[in-house]
Amino acid sequence: MHPADTGIVRRRRRELLVAAVVLVVLAVLPLPIHDTYTRNLIIITILFAGLAQAWNILGGYCGQISLGHALYFGVGAYVSALLLTRLNVPPGLGMLAGGAVAAAAALLVGWPCFRLSGHYYAIATVVVGEIGFLLFLNWDFVGGDAGINIPYVRGLGESWLYMQFRTDKLPYHVFALGFAAVTWLAAWLIEGSRWGFVWRAVKDDPLAARSLAVRVFPSKMAAAAISGFLTGMGGAIYAQYVGYIDPDSVMSGQLSILIPLPAVLGGVGTLWGPLVGAVVLIPLSEVSRSYLGGSGSGVDLMIYGGLIVLVALLRPQGLSSLLPSFGKARDARAT
Amino acid sequence: MPARLEVDRVSKSFGGVAANVGISFDVRDGEILGLIGPNGAGKTSLFNSIAGAVVPDAGEIRLDGERISGLPQEECALRGIARTFQVVRSFDSMTVLENVMVGAFARHGRARPAMTKALEVLDFTGLAGRADTQAYSLSPAEKRRLEVARALATEPRLLLLDEMLTGLTPTEAQSGVALIRAVRDRGITIIMVEHVMEILLPLIDRAVVLNLGRVLTIGLPQEVVRNPEVIRAYLGDRYAAA
């Protein structure tokens with residue numbers, strides 16, 4: 001059997017093709033839609049698909065369940081915003097710096113926390129996330145609880161480098177989609193490389209992995225750095241999009257739950273889970289909030305939470321396993 | 001030329017319980033060595049020391065004359081020691097081919113050569129037809145084979161088999177024996193722990209018998225089973241006299 005004949009190679013080619021189609025569909029999706037509300041909803045959905053994929057790289061492929069990703073999101077948002085307001089560095093570059101600092105933060109968190117395993121690691125990340133939140137809340141240099149207003153640079157007009165556009169939401173759609181595409185491509189490349197195999201081995205059975213010369217700790221650190229970098233980039237894009245950040249909006253514990261949720265619901269450790277999960281979850285939470293949330297009774301949250309529980313019970317392997325052409329189980333008999 | 005593996009006065013205790021006490025023996029190049037002894041004799045502990053999963057408290061283990069005891073397990077694997085586990089440990093989120101590729105990545109940085117190597121090993125171990133099957137859906141006998149395949153993909157010099165034939169049907173065990181012989185014919189030295197004597201004795205070149213953490217005797221398989229000490233360890237004093 002020639003290597004090219006195996007299921008892996010064919011599956012990967014097919015996935016790339018599907019991704020190209022999905023990318024084109026998502027690129028033209030907002031064109032016929034003109035109301036701002038829906039366009040905003042689409043942008044946030046795509047952004048969260050990307051964030052969930054970024055989380056998935058560490059949580060799904062490497063199996064290290066982080067519940068503190070808001071820290072990396074917030075660091076990316078703050079670094080890009082501060083670089084703009086203090087040093088006039090355009091956010092187009094600040095985004096990369098934000099990602100880099102977030103990656104460094106992920107390594108810093110990983111250094112002690114990856115010595116813990118399973119639930120203990122998850123709990124540690126919750127604590128670290130809260131520490132970050134409180135630190136930024138009380139840190140005057142970064143605006144404390146008042147946050148940072150991202151200024152409109154006068155005389156610049158429309159600028160892609162500064163991610164600045166008068167009223168048009170469409171360019172942010174491009175940024176969000178580009179970001180989600182980069183995270184997907186990162187996951188796809190990882191799946192097919194030595195790292196992807198090694199990380200999944202670390203997730204499934206670290207002891208067996210070590211017996212096959214897999215270096216467990218460095219593997220986790222590499223996954224954390226990439227996941228942190230991408231999450232930080234997402235934070236920077238979000239900051240430019242909303243124009244104002246404070247610890248509550250970019251570093252809260254709630255955000256640390258919202259980032260992994262699409263991946264968990266859609267299918268942990270799968271290429272399509274984060275996108276499928278985000279497409280179902282984000283509009284659902286918006287719709288239930290706008291139709292039921294006004295009364296202040298919390299009915300919307302009950303319905304939202306109930307649906308999550310329902311999916312978790314009926315489809316623990318994630319919603320993406322419902323899509324026959326995307327699932328992996330089918331490939332079991334592909335040859 | 002030094003022996004492939006030298007176990008030199010190795011001792012290991014776990015919280016006051018002496019699992020191995022001053023164990024010494026050599027394993028020759030290309031040999032199949034059986035490690036036998038009653039339950040609790042210290043076989044798996046010794047395996048873990050050789051594989052680098054634990055560090056001996058005292059003594060030294062050398063692979064081709066180079067000290068490996070004290071090295072991390074990953075380093076031992078890179079130096080050429082591969083193992084299977086008493087309780088099967090497959091990577092259950094992956095296919096059979098992907099499982100074996102993890103092993104192949106120990107020697108190959110890129111996916112293509114790793115896949116080529118993995119397919120070659122799957123062919124050798126008779127699992128080629130199951131390459132794209134999810135690992136969790138394999139039968140127990142196939143899972144044992146998968147562990148051997150995964151270990152072979154790391155291109156070892158020494159393979160440690162921990163109760164690879166235990167719990168298999170006689171037919172499955174016989175094909176397991178054929179696989180072990182084929183592995184040896186590739187020039188790979190084997191140490192195996194096994195309880196099923198009627199399968200083990202014709203297969204191995206020499207036996208090391210452990211009892212209560214110490215070496216009871218070392219010798220040819222036919223010799224050691226007639227040794228009164230060995231019979232006493234397994235069956236008690238009454239049978240040793242008979």
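Me: How do you know that domain 1 of chain B is in contact with domain 2 of chain B?
Reply: Two residues are in contact if their C-beta atoms, placed from the backbone, lie within 7 Å. By that rule 13 residues of domain 1 of chain B are in contact with twelve residues of domain 2 of chain B. H6(B) gives the most to that side of domain 1, with four residues. A word on the source: this is a predicted model, where local features need pLDDT of at least 70 and side-chain atom pairs count only at pLDDT 80 or more, while totals for chains, interfaces and linings use all residues. Residues are numbered from 1 along each chain as its sequence is written, and chains are lettered from A and ligands numbered from 1 in the order in which they are written.

Me: What makes E6 and E10 of chain B edge strands?
Reply: Strands pair if DSSP finds at least two bridges between them; strands (E, at least two residues) and helices (H or I, at least four) are DSSP runs, numbered from the N terminus. The open sheet has the order E6-E7-E8-E3-E9-E10 in chain B. Strand E6 (81–83) and strand E10 (214–219) each pair on one side only, so they are its edges.

Me: Why do E9(B) and E10(B) count as paired?
Reply: Five bridges link them, in the antiparallel sense, and at least two are needed, so they count as a pair. Within this pair, Val209(B) stands opposite Thr217(B).
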